[in-house]
Every structure is written in structure tokens, then in C-alpha cells.
Amino acid sequence: MTSDTIAALSTPNGESAIAAIRLSGGMCLETAKSCFGKSEISPRFASHSSYVSKDGKILDDVVFTFFKAPNSYTGEDMLEICTHGNPYIVQTVLEDLFARGVRAATHGEFTRRAFENRKLDLSQAEAVALMIAARSEKSLEAARKQLGGELSKRVNSMCDTLIEALAYMEAYIDFSDEDLPKESFSKPKELLEKFVCDASRLVSTSRYGAVLRDGLNVSIIGEPNAGKSSLMNCILGRNRAIVSPSAGTTRDFIVERFSIGGYCVNLADTAGLRTSGDEIEKEGIRRALEVAKDSDLKLLVLDVSENFDGVFEIAKSFISPSNTIVVLNKIDKPRAQNAGIFKDFVSVEVSCLEDRGIENLKEKILEFITKNSITSSFDDILVSARHSGLVADSLENAKSAVEKIDSSAPSELVASDIRAALDSLGEIVGRGDREEVLSKIFSTFCIGK
């Protein structure tokens with residue numbers, strides 16, 4: 001158990017109805033009795049009381065709850081104090097706690113203590129931060145399953161496969177004087193090949209993590225006055241972008257987030273693509289091209305009453321049928337004669353003026369997400385780059401072990417590869433945890449977690 005007692009505000013800073021201050025450590029019960037003038041405090045029972053400072057002043061009217069170790073989030077004694085959500089009250093209560101010998105918590109220290117006290121493994125601890133940062137229904141679902149131990153179960157099962165294979169190899173090392181036939185290595189090879197299959201499937205899902213965590217990046221591109229800003233407003237359902245009949249109104253890109261089908265989408269409205277002598281507009285076009293090239297999906301907006309050739313010449317280097325939806329806007333106007341430049345692209349007809357075709361466009365965006373970016377099995381998703389890298393390292397070592405068995409390499413070398421694979425995989429759940437790894441992970445948490 002950690003000896004010192006920590007405290008932090010666990011709700012966001014600023015004015016609110018209620019603010020929650022949490023403490024963890026051996027001084028929690030003693031502190032509660034002193035602050036609230038109680039001789040006995042029942043665990044897991046919310047109590048109403050005045051908070052009395054060390055010098056005898058009433059600081060606030062609060063509700064507090066004491067949690068007795070090990071039945072708490074951190075596995076230690078914990079105390080949660082709910083004050084009125086006035087930042088000044090919160091600050092005075094925290095200062096009083098510090099004056100009593102409690103210290104300020106560092107980033108992620110509550111969750112780190114939960115990990116160190118075996119209330120959570122490392123992947124579950126990381127999922128706490130993912131739960132807080134989730135921006136959509138799907139990312140929240142993935143984080144919730146990771147917190148519930150789905151990734152841990154898969155990783156631990158894969159570790160067990162490696163351990164079994166290693167046990168065979170260690171036995172062969174112990175009985176190296178025996179002339180073991182080559183077929184004796186069939187069982188560890190079988191186990192390693194199973195592991196390679198499982199790890200390959202798992203690491204292939206790593207690309208889904210970024211979309212779940214950060215959202216799909218979608219850029220709206222096209223010539224000036226094609227209706228890009230109007231399209232953004234229609235998709236969002238509110239007037240976010242400035243709309244004007246004057247070409248070149250949008251000089252820089254703006255980004256707004258919206259949810260579609262439970263997924264998060266970062267929608268960027270960009271400057272119109274054309275040849276311009278205006279320095280400010282040229283910079284806007286340069287930025288528009290940067291955003292478009294880096295985005296997962298492009299919405300190429302075309303004015304059906306105008307010719308398409310100009311925008312195609314500018315955009316052809318970074319658009320393709322696999323990453324672009326052509327939005328044929330202004331279908332309320334007479335159509336110009338256009339060759340079938342974009343006949344191979346998915347296209348949607350809309351009228352931003354009359355708000356027609358927008359729902360169909362959203363359906364096409366959702367189809368793109370589900371087809372190209374998201375798997376339906378959230379149990380397998382690696383929602384962090386750290387996980388992806390560790391599984392990839394483990395996979396390479398396991399493949400190396402199989403190759404060594406096939407080439408009749410010494411058992412010691414095969415065993416060494418298996419141990420390396422096991423070490424990498426074990427870091428996901430915190431087996432053989434290293435101090436610098438833990439410090440880096442928990443430093444990304446908010447103070448109250």
C-alpha cells in the first residue's frame with residue numbers, strides 16, 4: 001500500500017453545481033473524522049456535514065463518502081468530498097487538506113495506484129483515459145470494453161500460448177543430450193503458428209484505433225462558389241461557415257466535429273481551389289490542399305451549372321474513387337454540359353439551397369467509414385499506438401522463432417525469440433512493468449484520475 005495520502009479535484013475546473021474532491025491513502029479516515037467532527041464513519045455511506053478547517057472555520061456544507069481498502073477504486077482507503085462548485089471553495093478545501101499533511105496528486109496518480117494495487121491491469125488503466133476522452137458512441141463502446149477487460153483477456157490468452165510454447169523449448173534445452181527427432185518440435189511450432197495468426201489479426205486492427213480515438217478527417221474541397229460552406233452548414237444543421245455569393249469568401253479552413261452513426265467526424269471547410277494572384281487567397285488554397293491531402297475522405301463539391309475541368313486539374317493528384325465522394329451541388333439550377341470526368345466516383349446530387357440530398361450524402365459518408373475504416377468487432381481493437389507497436393514486435397519475434405524451428409536452429413535461440421515475444425506482449429497488460437513506461441502512460445491523465 002502507498003503510505004502517503006493524495007488529493008485532487010476530480011470534476012472540471014470552473015463554476016458548477018457540485019465539485020468532487022477525492023483523496024486516496026492511509027490518512028483518509030483520520031482526515032474525515034477531523035474535518036467533519038465524527039468519531040465513527042461508516043464506509044460507503046454518503047453523509048451530510050459541515051467541512052471545518054484546521055483552524056476551526058466552516059468552509060462549506062458538503063456530502064462525503066469514505067471507502068475502506070481494498071474496496072475502492074485505488075485499492076486504498078479513499079475519501080470523496082462533494083462541495084458546492086465554486087472554484088474559491090474548492091481551492092480553500094484543497095489548501096486545508098494540504099495543511100493537514102495530504103499532498104497534491106500528480107497526473108494519473110489515482111489510476112496508477114489502482115494498477116499498482118491490482119485493481120486494474122495496464123490496458124484497463126489506459127482505458128480510463130480513453131473513456132474520458134471518447135468523442136463518439138463507438139469510441140466510448142471500444143473504451144468501455146477495454147476497461148471491462150476484453151483486450152486483457154485476449155492478450156493474456158495469447159501470452160498463455162507463448163508460455164506453453166516456451167515450456168516445450170525449455171524442456172528441449174534441458175534434455176539437449178537426447179537425440180530428439182525433428183517431429184518433437186511440431187507442438188511448439190503449432191502453438192507459435194497459432195499465436196502468429198492471432199497476433200496478425202490483432203495488429204491489423206490498429207488502423208481502426210485512430211479513427212475511433214480522434215475521428216475520421218473529412219475535407220470539403222472544390223472551386224470557389226461551388227457551395228462548400230453551404231454544404232458544411234447543411235451537414236452540421238447550423239450556420240457555422242460564412243456563405244456569400246462572392247467567390248473566395250473562405251480564405252482559411254475551419255473544422256467542426258459532428259457524429260454520424262455513432263462515429264466522430266472532423267469536417268473541414270476549405271478555401272476554393274483556383275489559380276489566384278491574391279497572396280492571402282493563395283495561402284488559403286495552399287492550406288486547403290494540405291488539409292485535403294491529409295484527410296481520410298474528400299467531399300469534392302461541384303457546381304453542376306458550371307464546367308468541371310478546372311478543379312479536376314488541381315485535385316487529380318490526390319483524389320481517387322477510393323477516397324472521394326463527388327457532391328453535385330446546385331441541382332436546382334440548369335445543368336452545364338460536362339464530360340464524364342468523375343464517372344468512376346461515388347456521386348451524390350444535392351441542393352444546399354433547398355436542403356435536398358443531404359441525408360443521402362450522410363449515408364454515403366457512413367458507408368465509407370464502415371467499409372474502409374472501422375471493424376465491427378470492438379473486442380479486437382487496439383485503441384493506442386503503444387498496443388499496436390507491442391503486438392507488432394511480439395509478432396515479429398514469434399515469426400522468427402518459427403523460422404528458427406524450420407531451419408533446425410538451436411533450441412536456445414528459439415526460446416530467446418519466444419521470451420522476447422512474451423515480454424513485448426506482456427507490456428500491454430503490465431506484466432514486467434517498467435517504471436519509465438508507466439510514468440509516460442499516466443502522465444497523460446488528468447490530475448483527478
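Predicted model: local features only at pLDDT ≥ 70, side-chain atom pairs only at ≥ 80, totals over all residues.
View 1. Helices (H or I, at least four residues) and strands (E, at least two) are DSSP runs, numbered from the N terminus. Two strands pair if DSSP finds at least two bridges between them. Strand β2 (residues 16-24) runs antiparallel to β5 (residues 78-85), and the two share 8 bridges.

View 2. Axes are lines fitted to C-alpha atoms, for helices over the stretch in contact, and angles run from 0 to 180 degrees between N-to-C directions.

**View 3. A second open sheet has the order β8-β9-β7-β10-β11-β12.** This one also holds 6 strands with mixed pairing. Because β8 (254-260) and β12 (346-349) each have a single partner strand, one side of each is left without a neighbour in the sheet. Ignoring direction, neighbouring strands are turned by 25 degrees against each other on average. Helix α9 (residues 228-236) packs on this sheet, touching β7, β8, β9 (263-269), β10 and β11 (324-329). Its direction is about 35 degrees from that of β8.

**View 4. Zoom in on two strand pairs, one parallel and one antiparallel.** Strands of a sheet pair through backbone hydrogen bonds, either parallel or antiparallel. The parallel pair is β7 (residues 216-222) with β10 (residues 297-303), over 5 bridges; Val-218 has Leu-297 in β10 as its bridge partner. The antiparallel pair, β8 and β9, is joined by 7 bridges, and Glu-256 partners Leu-267 in β9. β8 and β9 make a hairpin with 2 residues between them, and Gly-261 in the turn has a positive phi of about 60 degrees.

**View 5. Thr-324 sits in strand β11.** Thr-324 has 1% relative accessibility, so it counts as buried. Buried means under 20% relative accessible area, exposed over 50%, and partly exposed in between (1.4 Å probe, protein chains only). Leaving out residues up to four places away in sequence, Thr-324 touches Leu-297, Lys-298, Leu-300, Ile-319, Phe-345 and Val-346. Ile-365 is 41 residues away in sequence, yet its C-alpha is 9.8 Å from that of Thr-324.

**View 6. The largest nonpolar core has 33 residues.** Such a core is a set of buried Ala, Val, Leu, Ile, Met, Phe, Trp, Tyr and Cys residues joined through side-chain atoms within 4.5 Å. Leu-162, Leu-192, Ile-418, Leu-425 and Ile-428 touch the most other members. Two or more residues each come from α6 (150-174), α7 (186-203), α13 (385-406) and α14 (411-429), and α6 gives the largest share, 10 residues. Another core, of 28 residues, lies apart from it and includes Leu-297, Leu-299, Val-348 and Phe-368.

**View 7. Here are a few of the 21 salt bridges.** A salt bridge is a side-chain nitrogen of Lys or Arg within 4 Å of a carboxyl oxygen of Asp or Glu. Asp-4 and Arg-103 form one, with their closest N and O atoms 2.5 Å apart. Asp-4 lies in the segment before β1 and Arg-103 in strand β6, so this pair ties together parts 99 residues apart in sequence. Both Asp-4 and Arg-103 belong to a salt-bridge network with Glu-76, Glu-109 and Arg-113. Elsewhere, Asp-417 and Lys-404 meet at 2.9 Å, N to O.

Terms used:
Residues numbered from 1 in each chain as written. Heavy atoms only, no water. Contact = heavy atoms within 4.5 Å.
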